[in-house]
Amino acid sequence: MIKQLVKSAEKLIETSKNIVIVSHKNPDGDAVGSSMGLHFFLKNMGIESTVILPNDFPDFLKWMPGVETALNFEKQNSQSVNALEKADLIFTLDFNSLSRVGDMNQFLEKSEACFIMIDHHQQPDDYAAVMYSDPSIGSTCEMVFHFIKAFEKVDLIDSDIATLLYTGIMTDTGSFRFPSTTAVTHNVIAQLLNAGANNAEIHQNVYDANSQSRIKLLGIALDNLHVLEEYNTAYITLSQEELDKNNFKKGDTEGFVNYALSVTGIIFAVIFIENRQEKIVKMSLRSKGDFSVNDVARDHYNGGGHINAAGGKSELSLEETVTQFISILPQYKEALTA
Ligand code: 5GP
Ligand code: MN
C-alpha cells in the first residue's frame, strides 16, 4: 500500500513548484525530526522545500541538524505567510487535524495546495490528497524512513537525516521502551546508525541537558504527586506560580508525567500545567495497557493523541480542572481496575 501512496506522492512532488513542510504546535522531537528529515531528503533529491513550525521548540532540540533554517510562524510571520500562500504542495507531519497548528490553521484551511499527510495519530481528519496514516507506528520519523524506503532512495539518507530521524524515533518511543517499539523500529534504527547517526551523542544532547531550574521544578512536580489508588490513577499539578519561580522554559516539563505513571500499580497518569497567558490548563495524559487516554482527551479535554499518550486542555482554573478530573473517574472505574 505504501508503494502506491509513494507513487502518488512522487507525482505531486514532481509537478509542484513550491513545497512547504509543516508540523504541529509546540513541536517535539518527532515533529522537528520528521520535518527536517523530509526536508533534507527532498534536498538530496534536488528538490527545495520550506519547513514552517507554528511556534518555538525546546532548547534540548536546538542542536538538531538544520533546525535554524526552519521558519517559526510566530516569530517569522510574514515570511511564513508568504511561503504558505505560494505553496502548491504542503506536507503535514506528525499531526492529523488542521486545528493542531494554532494560528497557522487559517492559512492551511484557505490554501489551494495539495496536502500530503504523514502521521501516526489516531482518527485522521480528511484533508489530504495523499494520506499515509498509521497509528500502529511509534513515530512519524519511522514513517518518514518507510516513505524514503518506498521511494527506493535509502542511499540518500546522510548522517544529518539519520540523526534527525533517530532523534524523533527515540523521543516518541520513550527511548525504545513503549509498546509501539517493534523489531521493525529497531531495524530502522540499525540502518540509521549505519547511515551515520551517533546514538550516544543524540541521547546525551536530548537527555543530559537539564538546567538546574528544570531539576528543581521536577522536585516540585514530584512533591505535587497525588495517587488515587481506587482508580490506579496518579496526577501531578504545576501552577503558573511554581513555573515562574523556577524559571520555566518551553520543554522543561517534558517527561514529568512519566514519573506519575511509574508508580507501582498506576495505569493512568496526568500532569496538569497551568498556563495563565493562554488561560488554559494544558494536560498530558499517559496510560499503560488498553486504557485509551486518546478517548479521555477527546471526550473531555478537546484533545487527542494515541491510546497510551495524549494531550488536551481545560479552560477551568487549575483547582477546578483537578476537581472536574476526579469527578469523571468513576465512569472509567471498570476500565481502570479491570
Ligand atoms: P504531550 O502530552 O507530550 O504534549 O502529547 C502526547 C501526544 O498527544 C502527542 O502525540 C501529541 O501530538 C498529542 N497531543 C498533545 N496535545 C494535543 C491536543 O491538544 N490535541 C490533540 N489532538 N493531540 C494532542
Ligand atoms: Mn509523533
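Which residue forms a salt bridge with Asp59, and how far apart are the closest N and O atoms? In this predicted model, where local features need pLDDT of at least 70, side-chain atom pairs count only at pLDDT 80 or more and totals for chains, interfaces and linings use all residues, the partner of Asp59 is Lys249, with the closest N and O atoms 2.6 Å apart. Residues are numbered from 1 along each chain as its sequence is written, chains are lettered from A and ligands numbered from 1 in the order in which they are written, and side-chain values use heavy atoms, with hydrogens and water left out.

The protein is divided into domain 1 (2-207) and domain 2 (212-337), with bounds that come from an automatic or database domain assignment. Their centres, taken over C-alpha atoms, are separated by 27 Å. Domain 1 gives 14 residues to the contact and domain 2 gives 12, where contact means heavy atoms within 4.5 Å.

Across this interface the rule finds two salt bridges, each being a side-chain nitrogen of Lys or Arg within 4 Å of a carboxyl oxygen of Asp or Glu.

Ligand 1 is surrounded by residues including Arg100, His121, Lys282 and His306, a residue being counted if one of its heavy atoms lies within 4 Å of the ligand.

| Side chain | Atom of ligand 1 | Distance |
|---|---|---|
| Arg100 | oxygen | 2.8 Å |
| Lys282 | nitrogen | 2.9 Å |
| His306 | oxygen | 3.1 Å |

Of the 490 Å² of accessible area that ligand 1 has on its own, the protein covers 80%, with areas from the Shrake-Rupley method with a 1.4 Å probe.

Notes:
Polar contact = N/O pair within 3.5 Å; in protein donor to acceptor, adjacent residues only side chain to side chain.
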